[in-house]
Amino acid sequence: MCVRILVVEDEVIVGMDIKNSLKKLGYKVIGVVPTGEQAIEKAKAESPDLILMDIMLQGSIDGIQAAEEITKHLNLPIVFLTAHTDKNTLQRAKDIYPFGYIVKPFQEKDLYTTLEIALARCKAETEIRKALAKEKELSELKSRFVSMVSHEFRTPMSTILFSSDLLKMYQDQWTIEKKTTHINRIQTSIKRMIEMLDNVLLIGQVESQNMRIENSPLDLKSFCQELIEDIQVADRYQHPILLDLQEACNFVEVDSKILRYILENLLSNAVKYSPENSEVYLGVRCQDCQICLQVKDAGIGIPLSDRQRLFESFYRATNVGTITGTGLGLAIVKRSVELYGGQIEVQSELGEGTSFTVVLPLS
């Protein structure tokens, strides 16, 4: 890709000469401007790969001041091109950490060498910044994972320990019904931990791109009805779920496993964060080789401040209170939709409910 350079030079003839030299060297000049103000405006609008900046310019600010303003707001390499080499000018230039300093008059080979070194340095610094940002992201992810595990595993493990201790102490005194109650509590807690571990493994599998799409014919109506029944059994039928399925969607060719990941997590969240007996809506539409899924609830809603991070792993909205959760459900949904090449949108009002719309391509 051709490197795009902005030239800032107030002498027209010199500016055109620099432009011709850059073109001869294989660079693309996106403009030649005479003032620092125009340089700032052009840099913000065009975001060039490099700026070749004269120091003495027309206008109210010189090249160093313009470079300082550009550096403050944009991550762009700047090379000074000037006839001034006095100590004061040099020190002012050094204070903003330029990527190069060429003294006029210059030869094309010197210009080329300076620009290539500046571009290489910029590329290296960009990679370092990306690596540091990734390291910070991984560190935050690790912290959230540790927090989730310590918090979400504590309750089921305490339940298991408590019930098993009671069974051990009173096994000869309790009735079968009493023992069965505590055995059921232990089993429920174990299932809960297995579910959390499965979700952690699943998000890792999706993010490492080890999951593959495997489309096959599906009776979508039966699929949705069975899924809704599973959700309602787990929810103890506390929320009616209305299925609104377009007839054209009865039989489609999709990856049923990925579709289940998406709908199961969206429906589970809908019933989890909604008042008892409030209705959850599942709409399914097929058109133009796409399937559109919509899950709406009348729940607590999602704060606007949380929506930007809603699909991050282990992140939970600030208004969930004591409602249990791992912060993985929506992350799994988002990664599954992206894997499928689809799109997801969310609309929400605090205290009024949330609507998720997923659009997936059909083969």
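The crossing of H2 and H3 is right-handed. In H2, Gly36, Ala39, Ile40 and Ala43 meet Ala66, Glu69 and Ile70 of H3, where contact means heavy atoms within 4.5 Å. By class, this contact of H2 with H3 has five nonpolar, one polar and one charged residues.

The model is predicted: local features need pLDDT of at least 70, side-chain atom pairs count only at pLDDT 80 or more, and totals for chains, interfaces and linings use all residues. Residues are numbered from 1 along each chain as its sequence is written, and side-chain values use heavy atoms, with hydrogens and water left out.

Helices H8 (residues 220–234) and H9 (residues 256–272) also pack together. Their axes are 10 Å apart, at an angle of about 40°. H8 and H9 are therefore oblique to each other. This class takes the angles left over by roughly parallel, roughly antiparallel (over 145 degrees) and roughly perpendicular (65 to 115). The crossing of H8 with H9 is right-handed. Residues in the contact include Phe223 and Leu227 of H8 and Leu259 and Leu263 of H9. By class, the contact of H8 with H9 has 10 nonpolar, two polar and three charged residues.

Terms used. Left-handed = near helix turned anticlockwise from the far one by under 90°. Helix = DSSP H or I, 4+ residues; strand = E, 2+ residues; numbered from the N terminus. Nonpolar A, V, L, I, M, F, W, Y, C, P; charged D, E, K, R; others polar. Axes fitted to C-alpha atoms, helices over the stretch in contact; angles between N-to-C directions. Parallel < 35°, antiparallel > 145°, perpendicular 65-115°, else oblique.
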